[in-house]
Amino acid sequence: MHTHDAETAALTDAVINYSIDRMLMDPPPLDHPRTPEELADAGPTISAGGMGGQRALRFFMDVLAPASLSVDHPRYLAFVPCAPTEAAVLFDLVVGASCLYGGSWLEGSGAVAAENETLHWIAGLAGLPESAGGVFVSGGTAGNLSALMAARWRWRHQAGGRFDRTRGALVASHSAHSSISQAAGALDADVFWADVDAAGRLHGSAVQEVLDMLPPDDRERVFAVVATAGSTNAGIVDDLEGVGRVADAHGIWFHVDGAYGGAALLLPELKDLFTGVERADSFIVDPHKWLFAPFDSCALIYRDPRIARATHTQQASYLDVLHEQNEWNPSDYAYHLTRRPRGLPLWFSVATHGTDAYRDAVRTTIEVAHEAASLIRNAPHLQLVLDPELSVVVFRRRGWSPAEYRAWSQHELDAGEAFVVPTTWHGETVLRLCIVNPLTTLDDIAVIIDSLA
Ligand SMILES: *Cc1c(COP(=O)(O)O)cnc(C)c1O
């Protein structure tokens, strides 16, 4: 099993060839889900004797892969797609083959140095100080939780370890991602909800209102204010400057969730939209969303990494050796210990292509989103709900019931045409396109628009 023989040599060729073929498919088949029964009927695959690598690979190719959507299909526009560069995908193979450990400097200094250079590039885009730093975690959900854990640590620490600082709270808006509520649940914290404007944007005044209305005891429980830089549902950037100012005036940790939208920091023409992001105590952006890295990857960055380290460092006799030197241990900056250096595919791709190519690719997707909005504006059967701010386009099909939206969406997926799912906007069922794939063209959008007629 661990030695290389003729059989594994042949398997090596088969796996590498499959990987290359899949990478070069343009486009790959969209594919569609199968039922648990269909998939169970195709198996079982695990037995005492094993089925052999060639057969297992065949099973993946014939049964499992077609039952798993190609998230990089140019008409996969649901949720937030993933459109990794070839360089990033190739390097993901290298990371896997190299058996790298990314948790400590002692074990992974080379990998960690490259990840940190990548994190500093992102921190610089957000205008965070040179001393900012963090770690790549699995996704925005993990990033938000880890950041908010650090916020709560500071809140408790500021109280000098007073025992009445037990149940904390955060201020967020309903435009925040669902993972913020989940993090609050994990932290056993309350959420005080702030109002948003008609576009779903959170302003500083709304945060101030919430804080003003709270009884002093509750006000003292607030350990973080969360703003979103690119809401998942509509791609709206909160008033980061206003929200950040209010958080700052009250000495409350300011967390900015840019899991989806943070990539747009690359565009100088959108700089004004993000004014105030540099006030963040913590900031996240998911390279697996709009920075063209494969799953799974979230860049989590702290203004003052020392707080994160105090929050997250695990203490155990068998780990002491890692902390003897004062080096950068990625494990110490989030809720995890063992970790893959999952920032390396992004590092390799950015190092290969340069940051200008990233800026251009993000710009391309925003242009397509704006052109898509024009097509929708001019289509008599459709109505644009909101001018796109980033690359999410929300619109309605005139006269359709929720059931009609769902039936259309299912039909498009079954036909292998497109993956677009309905969402709701102010309680109404509408459609949402999220364009982060530079290979998604206006023709793709036109095909979808026609199918809605
Ligand atoms: C996607 C998203 C998240 C969650 O990220 P995962 O990588 O799916 O865990 C958090 N916040 C926002 C704004 C998002 O768009």
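Reader: Which side chains of β10 point to one face and are buried?
Author: Thr-423 and Trp-425. Buried means under 20% relative accessible area, exposed over 50%, partly exposed in between (1.4 Å probe, protein chains only). Strands here are DSSP runs of E, at least two residues, and helices are H or I runs of at least four, numbered from the N terminus.

Reader: What kind of model is this, and how is it numbered?
Author: It is a predicted model: local features need pLDDT of at least 70, side-chain atom pairs count only at pLDDT 80 or more, and totals for chains, interfaces and linings use all residues. Residues are numbered from 1 along each chain as its sequence is written, and side-chain values use heavy atoms, with hydrogens and water left out.

Reader: Back to β10. How many bridges join β10 to β11?
Author: There are 4, and the two strands run antiparallel. Pairing takes at least two DSSP bridges. Thr-424 sits opposite Thr-429 of β11.

Reader: And the turn? Which residue there has a positive phi?
Author: His-426, at about 50°. The hairpin leaves 2 residues between β10 and β11.

Reader: Pockets now. What volume does the second largest pocket have?
Author: About 410 Å³. A pocket is an open set of points on a 1 Å grid over the protein atoms alone, where a 1.4 Å probe fits, with protein on both sides within 12 Å along at least five of seven lines; lining residues have an atom within 4 Å of a point. β10 gives the largest share of this lining, 4 residues. Of the 23 lining residues, Thr-232, Asn-233, Ala-234, Thr-423 and Thr-424 lie nearest the centre.

Reader: And the largest pocket, what's its volume?
Author: About 1200 Å³. It is lined by 39 residues, with Arg-22, Met-23, Asp-72, Pro-84 and Val-89 closest to the centre.

Reader: Which element supplies the largest share of that lining?
Author: Helix α1, with 5 residues. α3, α4 and α14 also supply at least two each.

Reader: Switching to α7. Which residues are buried?
Author: Ser-179, Ile-180, Ala-183 and Ala-184.

Reader: What does the buried face pack against?
Author: The buried residues pack against α6, β2, β3, β4 and β5, with contact meaning heavy atoms within 4.5 Å.

Reader: What follows α7?
Author: Asp-188, with a positive phi near 50°.

Conventions. Grid points are joined across faces, edges and corners, and a volume is the space filled by probe spheres set on the points.
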